[in-house]
Amino acid sequence: MASIARDKNGCRRILFIAPDGKRPTIRLGKVSQRAAESIK
């Protein structure tokens, strides 16, 4: 399951657990919460 995190500067990123057990991050930049939810 993926989650959305927000950095101090307002950028959002998606964190998820990969099949190999690592937790990579996809940085989205400054997008709205709604846009981040649709990407997730």
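Colleague: What should I know about the numbering and the model?
Modeller: Residues are numbered from 1 along each chain as its sequence is written, and side-chain values use heavy atoms, with hydrogens and water left out. The model is predicted: local features need pLDDT of at least 70, side-chain atom pairs count only at pLDDT 80 or more, and totals for chains, interfaces and linings use all residues.

Colleague: How do you know what confidence the protein chain has?
Modeller: By pLDDT, the predictor's confidence in each residue, from 0 to 100. The protein chain averages 94, and 100% of the residues score at least 70.

Colleague: What makes E1 and E2 a pair?
Modeller: Strands are DSSP runs of E, at least two residues, numbered from the N terminus. Two of them pair if DSSP finds at least two bridges between them. E1 and E2 (residues 12–15) have four bridges, in the antiparallel sense. Ala5 stands opposite Arg13, and Ile4 opposite Ile14.

Colleague: How many bridges join E2 to E3?
Modeller: Four, and these strands run antiparallel. Leu15 stands opposite Thr25 there. The open sheet therefore has the order E1-E2-E3.

Colleague: Why are E1 and E3 called edge strands?
Modeller: E1 (3–6) and E3 (25–29) each pair on one side only.

Colleague: Why is the contact of Asp7 and Arg13 called a salt bridge?
Modeller: The term needs a side-chain nitrogen of Lys or Arg within 4 Å of a carboxyl oxygen of Asp or Glu. Asp7 and Arg13 meet at 2.8 Å, N to O. That is within the cut-off, so the name applies.

Colleague: What does the salt bridge of Arg27 and Asp7 tie together?
Modeller: The side chains meet at 3.4 Å, N to O. Arg27 lies in strand E3 and Asp7 in the loop between E1 and E2, so the pair ties together parts that are 20 residues apart in sequence. Arg27 is exposed, because its relative accessible area is 62%.

Colleague: What makes Glu37 and Lys40 a salt bridge?
Modeller: Their side chains meet at 3.8 Å, N to O. Glu37, at 40%, is partly exposed, and so is Lys40, at 43%.

Colleague: Which residues do shared partners join into one network?
Modeller: Asp7, Arg13 and Arg27.

Technical notes:
Buried < 20%, exposed > 50% of the residue type's maximum accessible area, 1.4 Å probe, protein only.
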